[in-house]
Amino acid sequence: MPHVFSLLAAATLAAALTAVAPLPAVAAETLVVYSARNEQLIKPVFDAYTRETGIAIRFTTGDAAVLIERLAAEGKNSPADLLMTVDAGELWNASQRGLLQPVKSATLERNVPAHLRDPDGRWFGLSMRARTIFYSPQRVDPKALSTYEALAQPAWKGRLCLRTSKKVYNQSLVAMMIARDGETKTEQAVRGWVANLATDVFPNDTALLEAIAAGQCDVGIANTYYYGRIVKERPDFPVRVFWANQASGGVHVNISGAGVTQHSRNVTAAVRFLEWLSGPRAQSHFAAVNMEYPVNPTAAVDPIVKSWGSFEPSLINMAEAGRLQPAAVQLMDRAGYR
Amino acid sequence: MGSVARRSWAGAALAVLALPALLPLLSAVAAWAAPAGEVWAHQLQYVLPRVAVNTVLLLLVVGTSTALLGTALAWLVAAHEFPGRRVFAWALLLPLAVPAYVLAVVFAGALDYAGPLQGWLRQAFHAGLRLPPIRSLGGAALVLTLCLYPYVYLLARVALEAAGSRPLEAAQSLGLDRDTALRRVLLPLVRPAVAAGVALVCMETLADFGVVAALNVDTLTTAIYRAWYGMYSIAAALQMAAVLGLVASAAVWLERRARGARGYAAQRPAGELPRRRLRGGAALAATAFAGTVLAVAFVLPMAQLVAWAWKHAAVDLDARYWAFAGRSVALAASGAFVVVIAALVHGYALRGERRWWANGLGRMATTGYAIPGTVLAVGLFAPLAALNGWLQDRLDALLGAAAPQLFLQGTLLAMFLAYLARFLAVGAGPVESGLERIHRHLDEAAALLGVRGVRRLYRLHLPLLRGSLAAAAILVFVDLMKELPITLMTRPFGFETLAVRVFEMAAEGEWQRAALPSVLIVAAGVIPVVLLARRVAHVA
């Protein structure tokens, strides 16, 4: 026992010593990013920027909600220059709490469509995540499909699969439905969904798509890149994409995006980095690593993603997803959508 | 040492130890100042009644089933001889090394409608054949039981082995048969250990988010995250966490009071517990029972994980993984050391502590284990960042532009403080039940011989506590290997561990790619578990 303890004591000492070292370097040519977009999706792009410009990028990852609390707690001493998330609602929330600063950039305004950025320039979309309807081609005639709202009709009783309402993608979908249809109509639709469920809600989109393939249900709502990952491995996966609401408001999209922090010490460099990220080359790369859609319309799309055809996206400003999210969550609770 | 001096150091020690757990609680109390009335009204009407029932049910089922399973396995291994016993003795601890959320994902993948087992059943037998749904309260209770029973098993086994043969012999010499002697004499002796194990299980169940999220059960924890992530109300989330923490403290305190009335200290821990040799059907049944638990909780899920990991290893596995694994082990080992030392101080300070406030502080120090990790991390982070800001202002005023940038909240110092807040309970449980088995008469005898204070600790208590300390170290170590939210939030830039890798993959739903770091967490955790588990067997 004593030597186990001395071993542990030595390990503790070693760990404590390394604890003194990691103060973030404040060299002029370093940017610090707090990112909810995970490492394997951002590091390749960050590395490309460093190779091109010599500017080093240090980053830490975590849930957006946690990173926001961290920014708030650190205040003016925060080392962060940029906050990056995979959901517009969190960017809206961060801007509401005064954690992001307005940026004026002609390049960003040209490259990022107006509905995918904050009207005040506090955050900008960098990739689109389309959330649409998926169906089994064996059991569903795509002519029977039209809108998210129509999935509430009795024809789909016992045939619908949904992911849990805890996931932010569904919260923003319902928030955008509220923005378009109002609370009453949206609540009716959500109640209809719940009544049509084939099985309890799923914890993730991949499991939901697998359930459609296995025949547990016939239709469902999911983000396209989860589908992309599956068909990349199994091209004969028996589930197809249907672009929802093409005649009534467009497919719901969320964004992965970023904003410059209120207390950034490198605002110019941070803006330049955002501008670079919105350029066509970086855009293709940024979106393609996760089979998402670039926000910049001139950027090339991944071939598999391209094969699903083009679609009309919803043009309501993404800020609405954040503003209406608490209402959406409460609506889903009332409707019994777990 | 005089009793007044003793009393003051004990109170001070408890206050210091309670501080890391109290800071998030204070953040939570401060959060009450922020208005979250609308969120609360909504939660009370639509969410809390349902999730409160779920939470209580889950606690009851998981608490009862881990108590039964853990104690039964401990009794089987400690008091019987059957084929494979020596291997089971340590192997039954292995589920501890598997992160609970990972086990939940494996179970969901394997047992859901679209999974391989049900697919095969529908093809082989009948298209309408269904298994009970794994995404359910029952499924979550099953997974949590399989993950958490080792707490009870380990503590009960250490206690049984420490009780030795004397109590059993005495009971049998008074005419009780072996089974009655077990029930009436040995079981009460191990009750503090079982209770300590179940208390840990319940706290971990209360704080769990990974399992219930993966298996779709709404509990108080998921309601907390819904208020925070969904309705952007960190205030409501912290307030709910504070209530959860207070309920947990009260429960722990009540349990202690109920137990405190009776004395469970063994008079003379001596003699090795005799193991009865099982034969024929009984031996087969014993091996089959232990083997089934091990297979379902560890072997089969690991086989699935390894298969997934293998698929992605060609792309994902690179030299960085050595560094990830090294950091995970170093962090867990040093964290375990800090926590066990703190638990020892905690146990001593509480020993014989009669003052209510000191007792209360001692209990509060361990409630961090019942609070969801992310909420605890944020609650601790905010005051640390504020302290850092205050120090920075002083430093700037003093040194002007030459002042260095402080970054207390993003160093291992913050990490260790948070680990202490979260895991003191895990270290304190075994240490306290170990201390309880050392009778006060022994201290008095030592005092008569002039052995007091630090010498008494070193020469008398430490040898008697070895088993408990090793158990505490194992439990904290494997918990820290798996720990995610605190490490994620407080790690220095670029500091990646295996658990952080799991997060990176799982954050975008790439569960199969998360298998590789998960397998390595288990692999890196298993060796120390086996080594230490053997120590427990030797020294108990």
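1. Helices here are DSSP runs of H or I with at least four residues, and strands are runs of E with at least two. On that basis, chain B of this predicted model holds 21 helices and two strands.

2. A word on the overall build of chain B. Along the principal axes, its C-alpha atoms occupy a box of roughly 75 × 75 × 50 Å.

3. The interior of chain B is worth a look too. Of its 540 residues, 54% count as buried. Among the contacts in chain B with a separation of 6 or more, 85% join residues 24 or more positions apart.

4. Now to where the two chains meet. Chain B brings 56 residues to the contact and chain A brings 57 residues. On the side of chain B that touches chain A, the most comes from helix 15 (residues 373–399) of chain B, which supplies nine residues. By class, that side of chain B has 33 nonpolar, 14 polar and nine charged residues.

5. Within chain B, have a look at helix 16 (residues 412–436) and helix 18 (residues 453–482), whose axes lie 8 Å apart at an angle of about 155°. Angles over 145 degrees count as roughly antiparallel, and helix 16 of chain B is therefore roughly antiparallel to helix 18 of chain B. Their crossing is right-handed.

6. Taken together, the contact of helix 16 with helix 18 in chain B has 13 nonpolar, five polar and one charged residues.

7. The axes of helix 6 (residues 168–181) of chain A and helix 14 (residues 325–334) of chain A come within 8 Å and cross at roughly 100°. Helix 6 and helix 14 of chain A are therefore roughly perpendicular to each other.

8. On the helix 6 side of this chain A contact are A:Gln171, A:Ser172, A:Val174, A:Ala175 and A:Ile178, and they meet A:Gln325, A:Ala327, A:Ala328, A:Val329, A:Leu331 and A:Met332 of helix 14 of chain A. Sorted by class, the contact between helix 6 and helix 14 of chain A has eight nonpolar, three polar and no charged residues.

Technical notes. Residues numbered from 1 in each chain as written. Chains lettered and ligands numbered in written order. Predicted model: local features only at pLDDT ≥ 70, side-chain atom pairs only at ≥ 80, totals over all residues. Contact = placed C-beta atoms within 7 Å. Nonpolar A, V, L, I, M, F, W, Y, C, P; charged D, E, K, R; others polar. Axes fitted to C-alpha atoms, helices over the stretch in contact; angles between N-to-C directions. Parallel < 35°, antiparallel > 145°, perpendicular 65-115°, else oblique. Left-handed = near helix turned anticlockwise from the far one by under 90°. Buried ≥ 20, exposed ≤ 12 C-beta atoms within 10 Å, placed from the backbone.
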